[in-house]
Amino acid sequence: MTDDRAALRRELRERRRAIPAAARIAAAEAVAGRLQAFAGMPEHGYVAGYWAMDGEIALHAWQLRLPTGVIYCLPVLGDDGRLRFAPWRPGDPLVTNRYGIPEPDISPSSLLEADALALAVLPLVGFDLSGNRLGMGAGWYDRSFAFRRECAAPPWLVGAAFAAQRVDALSAAVWDVPLDAVCSETETFLFTPGA
């Protein structure tokens, strides 16, 4: 594994963006099915996804199949460097954050803390079979779910990825929060904490 995370990010983002549109659509459908079958998928409560950008695998197919008792949320950037989560349905108002990503346009008092979620599906640039996740590098998810380094799920932390985003190994920093699973278009990878 290269120690140059910036170069690895560039390479994996290019690989992700090169996936043809038809393959993206098929992958989103396959990932939706894998997320629905995931053992930690709740029948009620809050789940979080993300607004797909930069070639990330889309979650719309999964969102539309959620059980009626499950409320879908999108992340909102906090001034303290952590994410909060806002319930969102297609058609609800959005605003653009500092990275150009749409966020629900709701009052800060209506936002949920990360520990209120039953499950969070995280975007990623790369992953390995130890549950390590390479994100965009700003640390938003690691800060927001830092409490998961000390306690078990919930919330379950599941990466959504194309199989092409898998790498042999990623070095983990002390602040990295490992994933419980990754769902790709080809399989679901389950990870054992501390393995």
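Trainee: What caps the N-terminal end of helix 1?
Mentor: Asp-4 does: one of its side-chain oxygens lies 3.2 Å from the backbone nitrogen of Ala-6. Please keep in mind that this is a predicted model.

Trainee: How many residues does helix 1 have, and what span does it reach?
Mentor: Helix 1 covers residues 5-17, which is 13 residues. From first C-alpha to last it reaches 18 Å, close to the 18 Å expected.

Trainee: Which residues of helix 1 are buried?
Mentor: Leu-8, Arg-9, Leu-12 and Arg-16 are buried. Seen down the helix axis, the buried residues fall within an arc of 100°, so they line one face of helix 1.

Trainee: And what covers those buried residues?
Mentor: The cover includes helix 2 (21-37), strand 7 (126-127) and strand 8 (133-134).

Trainee: Turning to pockets, what is the volume of the largest pocket?
Mentor: Its volume is about 700 Å³. The lining comprises 33 residues, and those closest to the centre are Arg-133, Met-136, Ala-138, Trp-140 and Tyr-141.

Trainee: Which elements each supply at least two residues of that lining?
Mentor: Helix 1 is one of them, together with strand 2 (69-77), strand 5 (102-104), strand 8 and helix 4 (140-144).

Trainee: What does Val-76 touch, leaving aside residues up to four places away in sequence?
Mentor: Val-76 touches Arg-82, Leu-83, Arg-84, Ala-86, Glu-103, Pro-104 and Leu-111.

Definitions and conventions
Residues numbered from 1 in each chain as written. Predicted model: local features only at pLDDT ≥ 70, side-chain atom pairs only at ≥ 80, totals over all residues. Heavy atoms only, no water. Helix = DSSP H or I, 4+ residues; strand = E, 2+ residues; numbered from the N terminus. Expected span 1.5 Å × (residues − 1). Buried < 20%, exposed > 50% of the residue type's maximum accessible area, 1.4 Å probe, protein only. Arc of directions from axis to C-beta. Contact = heavy atoms within 4.5 Å. Polar contact = N/O pair within 3.5 Å; in protein donor to acceptor, adjacent residues only side chain to side chain. 1 Å grid on protein atoms, 1.4 Å probe; cavity = no way out; pocket = protein on both sides within 12 Å on 5 of 7 lines; lining within 4 Å. Points joined across faces, edges and corners; volume = space filled by probe spheres on them.
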